[in-house]
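Thanks for coming. I will take one structure today and walk through its sheet, its overall shape and its core.

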Amino acid sequence: MALIERFQKTTDITKWHGQIPMSYIYTVGRAGEKFFREIINGKIFGARCDSCKITYVPPRTYCEKCFARLEDHYTEVGTKGTVHTFTQSYEAYDGAKKETPSIVAVIRIDGTEGGFIHWLGEIDFEKVYIGMPVEAVLKPKKEREGSILDIKYFKPVI
Ligand SMILES: [Zn+2]
């Protein structure tokens with residue numbers, strides 16, 4: 001079938017079975033770069049819009065409400081937050097089944113909008129609740145590499 005021909009029936013489409021190896025690079029963007037560079041130092045950064053009085057975490061390059069540029073308004077937000085929602089996961093990164101589930105939560109850093117997904121630790125699933133105060137537990141500084149996994153998990157604030 002030539003490229004200029006149009007398919008009349010989906011069953012006319014030529015197909016083959018096999019695998020195509022692909023690689024890709026994911027860029028975190030300018031705001032993401034600030035976030036990941038600072039997390040090496042054990043700091044979580046957001047982007048502040050003074051007009052709207054909103055701090056976004058993860059940081060953004062512009063305000064979603066007023067479209068103001070926020071690239072010069074990155075601000076440290078601390079490492080404490082609350083559980084926005086949570087669940088259990090029985091799968092590892094590679095899709096393998098886990099015997100012991102991990103607790104996965106959306107964490108909203110105090111005083112900010114947005115949030116990010118991370119694990120909860122040092123608590124049983126039955127004791128987790130929405131609105132539970134938590135704080136980040138970071139890897140030792142020598143082991144940090146500018147990854148969200150520099151935060152090992154969030155634990156309850158007692
Ligand atoms: Zn704004």
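Y56 has its bridge partner in strand 6, and that partner is E113. Strands here are DSSP runs (E, at least two residues), helices are H or I runs of at least four, and both are numbered from the N terminus. This is a predicted model, where local features need pLDDT of at least 70, side-chain atom pairs count only at pLDDT 80 or more, and totals for chains, interfaces and linings use all residues. Residues are numbered from 1 along each chain as its sequence is written.

Strand 2 and strand 6 run parallel and are joined by two bridges; two strands pair if DSSP finds at least two bridges between them. They belong to an open, mixed sheet of four strands, in the order 3-1-2-6. Its edges are strand 3 (74–76) and strand 6 (113–114), each pairing on one side only.

Now the core. Which residues have the most contacts inside the largest nonpolar core? They are I44, A105, I107, L120 and F154, in a core of 23 residues. Such a core is a set of buried Ala, Val, Leu, Ile, Met, Phe, Trp, Tyr and Cys residues joined through C-beta atoms within 7 Å. Buried means 20 or more other C-beta atoms within 10 Å of a residue's own, placed from the backbone. Strand 5 gives the largest share of this core, four residues.

Note on methods
A residue is buried if 20 or more other C-beta atoms lie within 10 Å of its own, exposed if 12 or fewer, and partly exposed in between; C-beta atoms are placed from the backbone.
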